[in-house]
Amino acid sequence: KETKVDCLDIARTQVKKHEGLRLRMYKDSVGVWTIGYGHNLEANGISLAVAEQMFDEDLITAALIARDFAGDAWPKLNEVRRAVLINMAFNLGNRLKFFVQTREALMNHDYKLVAERMAKSKWYSQVGNRGKELCKQMETGEL
């Protein structure tokens, strides 16, 4: 009995082998920014589905960073204040850990002081309205 061969399966296997997998952007042999299995970022960008998947993965990572940053204070934070820390972690990544005085105020549940310390940071001066909105939410615990 003859086994049906699917051209896409053959091509998938061969292209993966020939292109190789790179999880970070790189310039291909002709200088084009590429990622994954030879995905041409300059000509093709990424699809909405890929962007949403990347966002979801990054948001989960940010939530883990925020929870680690908040430590024992995390369970006492309401959802809005948790969201503020996740938002900051999304933007800052692991650099959130350098907000030492902010964290100290957070541990004392002094949310007004947390917001003040957020507002005095370099981050605040770089993020425009995002910083104003997040400081207000941290202070009030409301959207």
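**Ground rules.** I'm working with a predicted model, where local features need pLDDT of at least 70, side-chain atom pairs count only at pLDDT 80 or more, and totals for chains, interfaces and linings use all residues. Residues are numbered from 1 along each chain as its sequence is written, and side-chain values use heavy atoms, with hydrogens and water left out.

**H4 and H8.** I began with helix H4 (residues 79–92) and helix H8 (residues 129–140), whose axes are 8 Å apart at an angle of about 150°. Helices here are DSSP runs (H or I, at least four residues), numbered from the N terminus. Axes are lines fitted to C-alpha atoms over the stretch in contact, and angles run from 0 to 180 degrees between N-to-C directions. So H4 is roughly antiparallel to H8 (the word covers angles over 145 degrees). Their crossing is left-handed, i.e. the near helix is turned anticlockwise from the far one by less than a right angle; clockwise would be right-handed. I then looked up the contact (heavy atoms within 4.5 Å): H4 brings residues including Val 80, Arg 81 and Leu 85, while H8 brings Leu 134 and Met 138, among others. By class I get 7 nonpolar, 4 polar and 3 charged residues. Nonpolar is Ala, Val, Leu, Ile, Met, Phe, Trp, Tyr, Cys and Pro; charged is Asp, Glu, Lys and Arg; the others, Gly among them, are polar.

**H6 and H8.** Next I checked helix H6 (residues 111–119), whose axis comes within 7 Å of the H8 axis, crossing at roughly 165°. That makes H6 roughly antiparallel to H8, and the crossing is right-handed. Among the residues that meet are Tyr 111 and Met 118 of H6, with Leu 134 and Cys 135 of H8. The contact has 8 nonpolar, no polar and 2 charged residues.

**H3 and H4.** Helix H3 (residues 48–70) and H4 cross at roughly 115°, with axes within 8 Å. This crossing is right-handed. I noted Phe 55, Asp 58 and Phe 69 among the H3 residues here, and Leu 85 and Phe 90 among those of H4. The tally is 12 nonpolar, no polar and 1 charged.

**Cysteines.** How many disulfides are there? I found 0 in the whole structure (the test is a pair of cysteine sulfur atoms within 2.5 Å). Cys 135 is buried at 8% relative accessible area, but Cys 7 is exposed at 59%. The cut-offs are under 20% for buried, over 50% for exposed and partly exposed in between, with a 1.4 Å probe and protein chains only.

**Val 5.** Val 5 sits in the segment before helix H1 (7–19) and is exposed at 58%. From Val 5 to Arg 81 I count 76 residues in sequence and 55 Å in space, C-alpha to C-alpha.

Conventions:
Helices (H or I, at least four residues) and strands (E, at least two) are DSSP runs, numbered from the N terminus. Angles under 35 degrees count as roughly parallel, over 145 as roughly antiparallel, 65 to 115 as roughly perpendicular and the rest as oblique.
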